[in-house]
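I opened my notebook for this protein today.

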Amino acid sequence: MHQNGTMTDSGDFDAAWLPGTAFRAVGARRSLVRSGPDPLADTVRGELADACARFGGEVVRDGGAAEFLLEVTGGSPDDESYTLRRADGITSLTAPSGRGLLYGLFHVVRLGEGAFSGDLAPRTHRPALATRMLDHWDNVAVHPVMGQVERGYAGGSLFWSDGEARGDLGRVRAYGRLLAACGINAVAVNNVNVHATEARLLTDRIGDVAAIAGALRPYGIRTHLAVSFAAPMLLGGPDTADPLDPAVRDWWARATARVYEAVPDFGGYVVKADSEGRPGPFAYGRSHADGANMLAAALEPHGGTVHWRAFVYDHRQDWRDRSTDRARAAYDHFTPLDGEFADNAVLQVKHGPMDFQVREPVSPLIGAMPDTRLAVELQVTQEYTGQQQHVCWLGPMWSEVLRFRPDGEVPVGRLADGLVAVSNAGDDRFWTGHPLAQANLYTFGRLTWDPAADPRAVLDEWIALTHPDAPDRLAGGLHAILDGSWRTYEKYTAPLGVGFMVQPGHHYGPGVDGYEYSPWGTYHFADRDGVGVDRSVATGTGFAGQYAEPWAKLYESPGTCPDELLLFFHHVPYGHVLHSGKTVIQHIYDTHFEGVEEAEEARRVWAGLSDLVEPERHARVAERFAEQLRGAREWRDQINSYFLRKSGVPDAHGRTIH
Ligand code: GCV
């Protein structure tokens, strides 16, 4: 054990936010668990027994005296709430289900000694959102272009390797445990781009899925599967996937019944249809409600849900055509269908209208379909935010999304039924490639439980759990590195909400014109006079008009549009003066110099923590900082020189622009 208690507990992989020492307080007590037969209560007993073996406490039998009393009171097995109180020297945790008891145990772990001193007035905790899911874009077979994990930056898949299910379910179980400790209750185990091998998970390879589900189940996590809309055609069924064809519906009903024979608590399907070349209902002249409802009907008798993605847009656009706007697409396709989706169909909407850029407005589709169940999709894997080479803690960005009030009143976090994110975890020793990217996974989980939580307080929790006994200097240093890291990343990459400017294909590193002129609909339209996309109603694509008030009006005019989104909504001259008082061009230069300086400072702070972090973790982060600095300077130089050349306007401070 390292002096700070951060040493990994297993030889194989990092303990992340559950090092043994995090259980010191519960492990030092006499505990009693009262419950009828309940596998999750058994998980709780097991956790306590392990902690007691380490710290000298005891799990006593009924009748024995205990300081920590845990009880399943009975009720719905799906009720995830728990109540914690402390009086007369006894800490008691009650929950209607074993599931709630498990979440309560992790709450007590977070409180540490605080759960065993003084009195605690009874308080019931329950998750704000019913579905708290991670999607894995993991391929079973290595894809020739996308590899084992599409947009994966943490090694291989936790579930699959080279065409096979991984034998090591211990690691999957440990993953489930980490996820339960931050509130996640669902995992989709394969890529939404369902290729041929992955399609078979639904049928003859369902045993592989069942094995994974078995490893996740003890931690209250239901397993979901991404399926191809064309599955009947790919898997020996009818020669059509028409969702209104009775033979197709029958095929899905029977396939789904077999899934439930193998995985009785199966969560349901995730579907990417008519999106980036995937098959979908459009081929048959059917609507997305027809498509989703067919799968919903197959799942309904078994209690399953279909998560139907709204990421539907024309990926064969012509740059010259200024009327087609990818940002408009999801709203245009889906709002006419409001009220048509089945009760067990959930529309899964990316948080922004484009694609997980470092800065986007909240998607106008969120809140625009009051009669349709909604899941908001975030991206924990850092496809566009530094690919786990750069430090970029996304808590503040997600919190802004969740606190946004589409109608000026109800925040996104309360409109949604579920929160979903693309996972950033893989078979890397530190789970997430960059050890500090663990904070993103933890923060996402905690925000699914409470979307109104202060992300900085969540970061405090993560720091305290990951580094129990950490001196203030370590906590302060981690805050200094992480708190502002999203804004730092934004500063040295694409400016003012314009997005993309990445290298095509892998999306890492600067490529200002990388996607300009491409068919993907991701343009910045920079020329010698100005930059940005006119999405106003008056003169542009009309996208701004998809918002309810007060946003439609705010975004419509460059005079009221927030600076950070200006180039998302407007094409302006380089001399346009921002609310900050700077011109757009000077803002570009200044932020790119500042971003690099901030990254340099973060690296210095990390170097100064070497005596407080175990060597392997410290070295891994230090390596990543070297790459981040190289990358940040490259971004700065490419963006600044591009705009210097285009605009001809020199830097007001006379700095050298490479
Ligand atoms: C899984 C982006 C990513 C793709 C991803 C897609 C999606 O376009 O680059 O890798 O595909 O989003 O969300 O479906």
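Before anything else, I noted that buried area is the accessible area (1.4 Å probe) that two parts lose on being put together, summed over both. This is a predicted model, so I kept in mind that local features need pLDDT of at least 70 and side-chain atom pairs count only at pLDDT 80 or more, while totals for chains, interfaces and linings use all residues. Residues are numbered from 1 along each chain as its sequence is written, and side-chain values use heavy atoms, with hydrogens and water left out.

**Entry 1: domains**
I found domain 1 (20-125), domain 2 (131-466) and domain 3 (490-533 + 571-647); such bounds come from an automatic or database domain assignment. I looked up the centres of domain 2 and domain 3 over C-alpha atoms, and they are 28 Å apart.

**Entry 2**
How much area is buried between domain 2 and domain 3? I read about 2,800 Å², with 57% of it from carbon and sulfur atoms. On the side of domain 2, W319, Q389 and H390 supply 24% of the area buried against domain 3, more than any other three residues. I also see 34 residues of domain 2 in contact (heavy atoms within 4.5 Å) with 31 residues of domain 3.

Next I checked salt bridges (a side-chain nitrogen of Lys or Arg within 4 Å of a carboxyl oxygen of Asp or Glu). Three of them cross the interface of domain 2 and domain 3. I also noted a salt bridge between the side chains of E490 and R359, at 2.8 Å from N to O.

**Entry 3: the ligand**
Which residues come nearest to the ligand? Of the 15 residues around the ligand (a heavy atom within 4 Å), I list E150, K272, R309, K350 and E383 as the nearest. Polar side-chain atoms lie 2.6 Å from a ligand oxygen for K272, 2.7 Å for R309 and 3.0 Å for E276. Taken alone, the ligand exposes 340 Å², and the protein buries 96% of that (Shrake-Rupley method, 1.4 Å probe).

Technical notes: A polar contact is a pair of N or O atoms within 3.5 Å; within protein, one must be able to donate a hydrogen and the other to accept it, and residues adjacent in sequence count only if both atoms are side-chain atoms.
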